[in-house]
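Subject: Structure handover

Hello,

Here is the structure I promised to pass on. Please open it and keep it in view while you read.

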Amino acid sequence: MSPLEGFLAGQIRATGPLSLAEYMTLCLQHPEHGYYTTRDPLGVTGDFTTAPEISQMFGELIGLSLAQAWLDAGSPAPFTLAELGPGRGTLIADILRATKGVAGLHTAAELVLVETSPTLRARQREALHGFTAEWQSQLTLKEQPLFLVANEFFDALPIRQFIRDGEAWRERVIGLDSGKPDSDKLGGGKLGGGKLTFGLTEIAEYSFLEHRLGDTKDGDIVEHSAPSQAIAAQIGQHIAAHGGAALIVDYGGWRSKGDTFQALKAHEKVGPLTSPGEADLTAHVDFEALALAASPSAACELTPQGIYLERLGVTQRARALASRLSGTALEEHIAAHRRLTHPAEMGRLFKVMAFYQRGATPPAGLQDGI
Ligand code: SAH
């Protein structure tokens, strides 16, 4: 049993089953054994690869989209340029490289990077050589315009899962196997053998799920991420009050339905309970929930990633880069373009959501003809 498994078992014996949100937080963020605390999980040698790691084109086009939004807002100075969960710092480095010709942007930008992992903060510092940045564990904003990007950040935030039962819900929780068959059923494994297992709480009503009684039936699973909604609300309110725009890129859809809780290890799906602290844990992002949290104040727009990148001219950019490449490098470049944009790859599952000021033009790429 790994140290983290031992810790989780002790925690469950002491205080009862964990919600998926508590389990995700401990597995990903435990100060000693957490997944993100202990490693750089990205790239071929890691567990997963993200768009900025696939091609520089992704960061360049995001950078130009943000720069255009900044120009449209009248080039405010100073302003906050923030990234949530910057990973290896590749995206922010590409954004800064692509925008260095935009007069006044770099001098006006105050960089804020929200990152909990010490390992990844060190990688980001290297990627940003020459730039000054402030690292934060939680987004804290100065009262000035905000231009923000988050790629594959919200999928790492904790979710809870609920199964519809009549006019109410049971929460899916994680307990310990009693060693007997069927321990995965009601009241699942509070005590016992020590293997982590899924269980269900007693039936209860949840006010934040009331609107889901209309579109679910008995046995359906819905997911709810309170931290995601809180951050979306904070960004929406900030942009409404101080101006700016946010681009949130992630996999997911409009209104969560079904179990999307998953674990990835060495680019393969594994059971989410099999390697706590050793596998990446994520859930699909519910963009409707983000939009509802932000939209009392800000305007929102959503577009599939493939369409967003095409509108920003990814194919022209790919051709320009291709003219300087040959052999394996060219093949890889063509594959990267396809991976980012094709509907069967990241093009459709991944979405780009923008928050911007009501009455302003949506950021480039979020609307036809822009
Ligand atoms: N945006 C990067 C990395 C995505 S991986 C890319 O596209 O390559 C998720 C990132 O979010 C990592 O940097 C991870 O350490 C960070 N992260 C995860 N949960 C976090 C949290 N609760 N607070 C701050 N950062 C978090």
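This is a predicted model: local features need pLDDT of at least 70, side-chain atom pairs count only at pLDDT 80 or more; totals for chains, interfaces and linings use all residues.

**The ligand**

Start with the pocket. The ligand takes up the space of the largest pocket. Around the ligand are 20 residues. The closest are Gln 29, Thr 50, Gly 85, Glu 115 and Asn 151.

Now look at the polar atoms. An oxygen atom of the ligand is 2.4 Å from an N or O atom in the side chain of Glu 115. A polar backbone atom of Gly 85 is 2.7 Å from a nitrogen atom of the ligand. A polar backbone atom of Gly 87 is 3.0 Å from an oxygen atom of the ligand. How much of the ligand does the protein cover? On its own, the ligand has 570 Å² of accessible area, and the protein covers 94% of that.

Next, find Ile 92 in helix α6, residues 90-98. Is Ile 92 buried or exposed? Its relative accessibility is 0%, so Ile 92 counts as buried; the cut-off is under 20%. Beyond its neighbours up to four places away in sequence, Ile 92 touches Leu 81, Glu 83, Leu 111, Leu 113 and Leu 128. Pro 52 is 40 residues from Ile 92 in sequence. In space, the two are 9.2 Å apart, C-alpha to C-alpha.

Then go to Glu 288 in helix α10, residues 287-294. Glu 288 is buried because its relative accessible area is 10%. Leaving aside neighbours within four places in sequence, Glu 288 is in contact with Gly 253, Trp 254 and Arg 255.

**Backbone points to check**

First, some background. Most residues other than glycine have a negative phi, and most peptide bonds are trans.

Which residues does a cis peptide bond join? They are Ala 77 and Pro 78, with omega at about -5 degrees. Pro 78 is in the loop between α5 (56-72) and β2 (79-84).

Glu 152 has a positive phi, near 50 degrees, and is not a glycine. Look for Glu 152 in the loop between β5 (146-151) and β6 (160-165). Glu 152 counts as buried, because its relative accessibility is 14%.

Ala 266 also has a positive phi, about 50 degrees. Its loop runs between β11 (262-265) and β12 (268-270).

Best wishes

How values were computed: Residues are numbered from 1 along each chain as its sequence is written. Side-chain values use heavy atoms; hydrogens and water are left out. Helices (H or I, at least four residues) and strands (E, at least two) are DSSP runs, numbered from the N terminus. Buried means under 20% relative accessible area, exposed over 50%, partly exposed in between (1.4 Å probe, protein chains only). Contact means heavy atoms within 4.5 Å. A residue is near a molecule or strand if one of its heavy atoms lies within 4 Å of it. A polar contact is a pair of N or O atoms within 3.5 Å; within protein, one must be able to donate a hydrogen and the other to accept it, and residues adjacent in sequence count only if both atoms are side-chain atoms. Accessible areas come from the Shrake-Rupley method with a 1.4 Å probe; for residues, only the protein chains shown count as cover. On a 1 Å grid over the protein atoms alone, a cavity is a set of points where a 1.4 Å probe fits but cannot get out, and a pocket is an open set with protein on both sides within 12 Å along at least five of seven lines; lining residues have an atom within 4 Å of a point. A molecule sits in a cavity or pocket if more than half of its atoms lie within 2 Å of its grid points.
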